[in-house]
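User: I would like to learn how to read the disulfides and helix packing of a model such as this one. Could you take me through the features one at a time?

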Amino acid sequence: MERLPRLKTSDHYPFLLLHVGTNDTAKNDFEQITADYVALGRRIKEFEAQVVFSSILPVEGKGLGRDRPIVEVNVEVNIEGEMTYSEREPDENQTISEVFILVGFSYLTRLQILLFLVFLVIYLVTLVGNLLTILLIKLNPSLHTPMYFFLLNLSFLEICYTSSVVPQLLAHLLVEQKTLSIAGCAAQMYIFTIMGLTECCLLAAMAYDRYIAICNPLHYRTIMSGQVCAQLVGASWTIGILVEVAQTTWIFSLPFCGSNRIHHFFCDIPPVIKRACTDTSKNQIVVLALSVLFIMSPFLLIILSYICIISTILKLPSVEGRRKAFSTCSSHLMVVTLFYGTALFTYLRPKSISTPEGDQLISLMYTVVTPVLNPIIYTLRNKERN
């Protein structure tokens with residue numbers, strides 16, 4: 001940037017190859033780097049020059065991945081090969097009215113097919129595992145208990161949850177144009193967020209079920225009647241639908257402008273809000289408030305339930321009794337740890353430690369990994385109890 005004022009408009013610069021220092025890509029936030037070089041591109045446009053940003057490639061295994069941010073900067077500002085910046089640069093005031101481009105794992109060019117196969121296998125295992133769980137509970141009368149009623153609903157949620165993201169991810173791994181219409185993006189966010197919040201509430205209901213079973217076993221069948229279980233599940237769905245329909249509708253009422261590239265593999269809330277061209281500070285405060293209220297509240301109920309459960313278990317006289325009591329809730333505790341651990345880290349961590357690649361890896365945990373592990377966890381724990 002410091003050398004640009006030395007350029008003269010009377011001169012002709014047919015091609016400019018600009019080297020980006022490795023310190024810039026290592027220390028600065030990707031969004032800041034992109035903003036800087038978008039501004040740089042606008043300045044160069046005055047000279048009608050073709051421009052490519054470059055960096056030093058890794059040598060002898062050192063600095064692997066150091067050039068990746070530069071590749072992404074070139075993609076972000078639409079500078080590829082000999083295309084002129086003036087032909088491809090999006091106006092920051094230009095309204096996005098048709099599609100978003102989900103950058104996702106575009107930087108892993110050589111691994112697209114491998115990623116497709118890995119995610120396809122995981123997705124199929126997720127579907128088969130959760131469908132088998134639903135069928136076994138439905139067909140086996142001995143499993144018609146409150147715990148398995150909640151597990152049946154959890155398996156259905158996991159199928160919907162992962163199916164709102166993974167099929168579109170698989171399709172984008174096979175094509176170059178990773179586009180998604182704004183309507184499709186909104187539909188994905190509706191389904192994903194509704195299923196996510198409903199699962200938070202359902203996990204709290206399952207914790208309450210375990211609390212009654214261990215802390216008040218003599219009245220378990222009376223308290224956890226079929227009607228009560230149905231009401232708990234119905235309340236979970238109602239909260240999930242009402243809250244997330246309102247929040248997602250609000251988000252997509254915002255005007256989007258500038259770059260239509262989303263640095264994620266699906267339409268999650270934080271990256272979509274970044275594409276809004278109005279002050280989104282209030283929206284981000286609302287998102288944080290909803291996260292604290294409707295995600296943390298069920299989590300706190302789960303923690304309180306397990307404090308009471310552990311306290312009761314420790315009071316049991318025999319080691320075998322304590323082991324059996326703990327085994328009845330260990331599966332649920334593992335699922336809660338997986339789901340809430342990744343979700344809380346994603347939505348409540350400071351922006352200063354957030355990177356596009358890190359965000360995507362964490363999102364893979366609760367959109368791809370957790371749904372496939374849940375039926376496996378419950379199956380293994382039930383085998384141990386038997």
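Analyst: Let us begin with the contacts of the chain as a whole, keeping in mind that this is a predicted model. Among contacts between residues at least 6 apart in sequence, 79% join residues that are at least 24 apart. The protein has 386 residues, of which 47% count as buried, and its secondary structure comprises 14 helices and five strands.

User: How many disulfides does the model contain, and what pattern do they follow?

Analyst: As a general idea, a disulfide is a covalent bond between the sulfur atoms of two cysteines. In a model the assignment rests on distance, with a pair of cysteine sulfur atoms counted when they lie within 2.5 Å. By this rule there are two disulfides here, and when the bonded cysteines are counted along the chain they follow the pattern 1-3, 2-4.

User: Which residue does Cys185 pair with, and which parts of the chain does the link connect?

Analyst: Cys185 is joined to Cys267, with an S to S distance of 2.0 Å. The two residues are 82 apart and belong to distant parts of the chain, since Cys185 sits in helix α8 (residues 182-215), whereas Cys267 sits in the loop between β5 (261-262) and α11 (269-273). The angle about the S-S bond is -125°, and the link of Cys185 and Cys267 is left-handed. Both Cys185 and Cys267 are buried.

User: What joins Cys257 to Cys277, and where do these two residues lie?

Analyst: Cys257 and Cys277 form a disulfide with an S to S distance of 2.5 Å. This pair also links distant parts of the chain, with Cys257 in the loop between α10 (226-251) and β5, and Cys277, 20 residues away, in the loop between α11 and α12 (281-314).

User: Are Cys257 and Cys277 buried or partly exposed?

Analyst: The classes are read from relative accessible area, and buried means under 20%. Cys257 has a value of 10% and is therefore buried, while Cys277, at 37%, counts as partly exposed.

User: Why is Cys201 too far from the closest cysteine sulfur for a bond?

Analyst: The closest cysteine sulfur to that of Cys201 belongs to Cys200 and is 6.5 Å away, so it is too far for a bond. Burial is a separate reading: Cys201 counts as buried at 11% relative accessibility, and Cys229 counts as buried at 4%.

User: Turning to helix packing, how do α5 and α6 cross, and which residues make the contact?

Analyst: A crossing is read from the distance and the angle between the helix axes. The axes of α5 (residues 112-139) and α6 (residues 146-163) come within 9 Å and cross at roughly 155°. Angles over 145 degrees count as roughly antiparallel, and α5 and α6 are therefore roughly antiparallel to each other. Their crossing is left-handed. Among the residues that make the contact are Tyr123, Leu127, Leu131 and Ile134 of α5, together with Tyr148, Leu152, Phe156 and Ile159 of α6. The residues of this contact of α5 with α6 divide into 10 nonpolar, six polar and two charged.

User: At what angle do α8 and α10 pack, and what is the handedness of the crossing?

Analyst: The axes of α8 and α10 are 8 Å apart, and the helices pack at an angle of about 150°, so α8 and α10 are roughly antiparallel to each other. The crossing of α8 and α10 is right-handed, and the residues of their contact divide into 18 nonpolar, six polar and one charged.

Conventions
Residues are numbered from 1 along each chain as its sequence is written. This is a predicted model: local features need pLDDT of at least 70, side-chain atom pairs count only at pLDDT 80 or more; totals for chains, interfaces and linings use all residues. Side-chain values use heavy atoms; hydrogens and water are left out. Helices (H or I, at least four residues) and strands (E, at least two) are DSSP runs, numbered from the N terminus. Buried means under 20% relative accessible area, exposed over 50%, partly exposed in between (1.4 Å probe, protein chains only). Axes are lines fitted to C-alpha atoms, for helices over the stretch in contact, and angles run from 0 to 180 degrees between N-to-C directions. Angles under 35 degrees count as roughly parallel, over 145 as roughly antiparallel, 65 to 115 as roughly perpendicular and the rest as oblique. A crossing is left-handed if the near helix is turned anticlockwise from the far one by less than a right angle, and right-handed if clockwise. Contact means heavy atoms within 4.5 Å. Ala, Val, Leu, Ile, Met, Phe, Trp, Tyr, Cys and Pro count as nonpolar, Asp, Glu, Lys and Arg as charged, and the others, Gly among them, as polar.
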